[in-house]
Amino acid sequence: MLQQRLNSSDALLLLSIVGIGVGIACALSMVVLHWLLDLPAHLFMEGNNDGFEGLSLELRMLFPLTSCVLLILLMHYLPKKWHKVGVPFVIERLNYHRGNLPVMNAVVQFISAGIGLMGGLSIGKEGPAVHVGATFGSRIALRLGLSRNHVEVLVACGVAGAISAAFQTPLAGVLFALEVIFLEYQIAIILPVILSAVFSMAVSHALLGPLTLFSFDRISLLTLNPTTLFALTLLSITVALLAGLFYRTQQVLWRVNHWPMAWRFLIVGVLTALCAAFIPEVLGAGYDSLEHLIKGSTLTNVLILVLLTKVLLTACSIGLGIPGGMIGPTFVMGGLIGVQVALWSFPIEIQAEMVPLFALLGMAAMMSTSFQAPLTGLIAIVEMTHSPQIVLPAMLVIATSCVITRVAFKQDSIFVERLNSLGLHAKARIRVSPTSKVTKRK
């Protein structure tokens, strides 16, 4: 077999070009998933992907039950080796299998996540997107016969492209790949990953238009005084407690993962259906409920009840093995607790100004704390809202809640904790130097 050595400049050019292709592939996969989720929304919910509250009681309960039954049937007829999906699986393959991500696991992840999301299960689409994006990078790199180090670079391109396409936040996508998947920063891989994220967002924007999760008329500039400092401290503590509850609930459920998959999925379906009957706001991603609160509307149920139910239902869904993501739900949980803290801390006459700001701060803090990715959470919120004035208070809340979680609760990223519970090493390193070579097989 003929092997051709490429110098460092050629290697960078090759990785950059291939990284762009990976980013475009990630964007296209997210666009297809978005269109699939639009189907039940147009048929039953007047085009609103999160409009489960408007369904009749029977349909609200039927959707998650049907979704879980379909997932049980799907997994029953598939080989068990294809059942492993999600971000922890990506990290495991990087550490123990030289970044070789099987195609069929990604296909199962894509289909199963689509079924769960269309059924209103309390999961997110961003975690599955990361798995699919990482697989694009892995397969292309292996197809080209690249070295292990450069396989990992293209996996990072896929991860960044997936997050960039899902939220249209390219810089947050780059940081997510480094902070959450590889757990360290490497300057040597930045350029291909940035290009992947940028082109992924460009394709997503071209095909889907701007993805506006929330609309903000104006974000107030926070003045630091005793009242606001108290509110920021309270938000940091409550976010840390919420992240701890979210993780500990999953930790308990990981211990029963030896139960038959059908029983676990059925428990999720029944539990979600019961919650749908009484607290419909917890179905789906939940972005619409947070949007209502930001605009000054109220929910049909008490906010703190919706919040706690959302945390526990999402933790149960993920902890019992439903193949979905956690990133989107952590944004919603954080936004809800931010709104609640604003209502607790400020007088009625200024609550309308503080609620949107504290919703954003809670979103950034909850995502950052759950995955121990402070820069990712901070930049994601700034990119999504184009509100740089929130940087200072967001840094304060994110840093405080992350420190509390690590020092007081001894809690790492949920992904890392999951791998540790399986007895696996979570540290994935990219060993690329400016002079490294790419080995290309013909």
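Visitor: Where is Gln 372 found?
Guide: This is a predicted model, to be clear at the start. Gln 372 sits in the loop between helix H14 (348–371) and helix H15 (374–385).

Visitor: Is Gln 372 buried or exposed?
Guide: Buried. Gln 372 has a relative accessible area of 11%, and the cut-off for buried is under 20%.

Visitor: What about phi of Gln 372?
Guide: Positive, near 50°, in a residue other than glycine. Most residues other than glycine have a negative phi.

Visitor: OK, now Arg 98. Which loop is that in?
Guide: Arg 98 lies in the loop between helix H3 (87–96) and helix H4 (103–118). Arg 98 is not a glycine, yet has a positive phi of about 55°.

Visitor: And is Arg 98 buried or exposed?
Guide: Exposed. Its relative accessibility is 53%, and exposed means over 50%.

Visitor: Let's switch to helix packing. At what angle do H5 and H6 pack?
Guide: About 145°, for H5 (residues 126–144) and H6 (residues 148–167). Their axes are 7 Å apart. The crossing of H5 and H6 is right-handed.

Visitor: Which residues in H5 and H6 meet?
Guide: From H5, the contact includes Ala 129, Val 130, Gly 133, Ala 134 and Gly 137. From H6, it includes Val 151, Leu 154, Val 155, Gly 158 and Val 159. The residues of this contact divide into 13 nonpolar, five polar and one charged.

Visitor: How many residues of H6 are buried?
Guide: 18 of its 20, so H6 is mostly covered. H6 reaches 29 Å from its first C-alpha to its last, close to the 28 Å expected at 1.5 Å a residue. Just after H6, Gln 168 takes a positive phi of about 55°.

Visitor: What about H13, how many of its residues are buried?
Guide: 17 of its 19. H13 covers residues 327–345. It reaches 27 Å from first C-alpha to last, close to the 27 Å expected.

Visitor: Which residues touch the most other members of the largest nonpolar core?
Guide: Phe 176, Ile 181, Phe 331 and Phe 358, out of 130 residues in that core.

Visitor: What is Phe 331 in contact with, leaving aside its neighbours within four places in sequence?
Guide: Phe 167, Leu 290, Met 363, Met 367, Ala 380, Ile 381 and Met 384.

Visitor: Now H17. Which of its residues are buried?
Guide: Ile 414, Phe 415, Val 416, Glu 417, Arg 418 and Leu 419. That is six of the eight residues in H17 (414–421).

Visitor: What do the buried residues of H17 pack against?
Guide: H3, helix H7 (170–181), helix H9 (226–254) and H14. H17 is followed by Gly 423, with a positive phi near 75°.

Visitor: Last one. Where is Ala 352 found?
Guide: In helix H14. Ala 352 is exposed, with a relative accessible area of 63%.

Visitor: How far apart are Ala 352 and Asp 10?
Guide: 55 Å in space, C-alpha to C-alpha. In sequence, Ala 352 and Asp 10 are 342 residues apart.

Technical notes: Residues are numbered from 1 along each chain as its sequence is written. This is a predicted model: local features need pLDDT of at least 70, side-chain atom pairs count only at pLDDT 80 or more; totals for chains, interfaces and linings use all residues. Side-chain values use heavy atoms; hydrogens and water are left out. Axes are lines fitted to C-alpha atoms, for helices over the stretch in contact, and angles run from 0 to 180 degrees between N-to-C directions. Helices (H or I, at least four residues) and strands (E, at least two) are DSSP runs, numbered from the N terminus. A crossing is left-handed if the near helix is turned anticlockwise from the far one by less than a right angle, and right-handed if clockwise. Contact means heavy atoms within 4.5 Å. Ala, Val, Leu, Ile, Met, Phe, Trp, Tyr, Cys and Pro count as nonpolar, Asp, Glu, Lys and Arg as charged, and the others, Gly among them, as polar. The expected span of a helix is 1.5 Å times one less than its number of residues. Buried means under 20% relative accessible area, exposed over 50%, partly exposed in between (1.4 Å probe, protein chains only). A nonpolar core is a set of buried Ala, Val, Leu, Ile, Met, Phe, Trp, Tyr and Cys residues joined through side-chain atoms within 4.5 Å.
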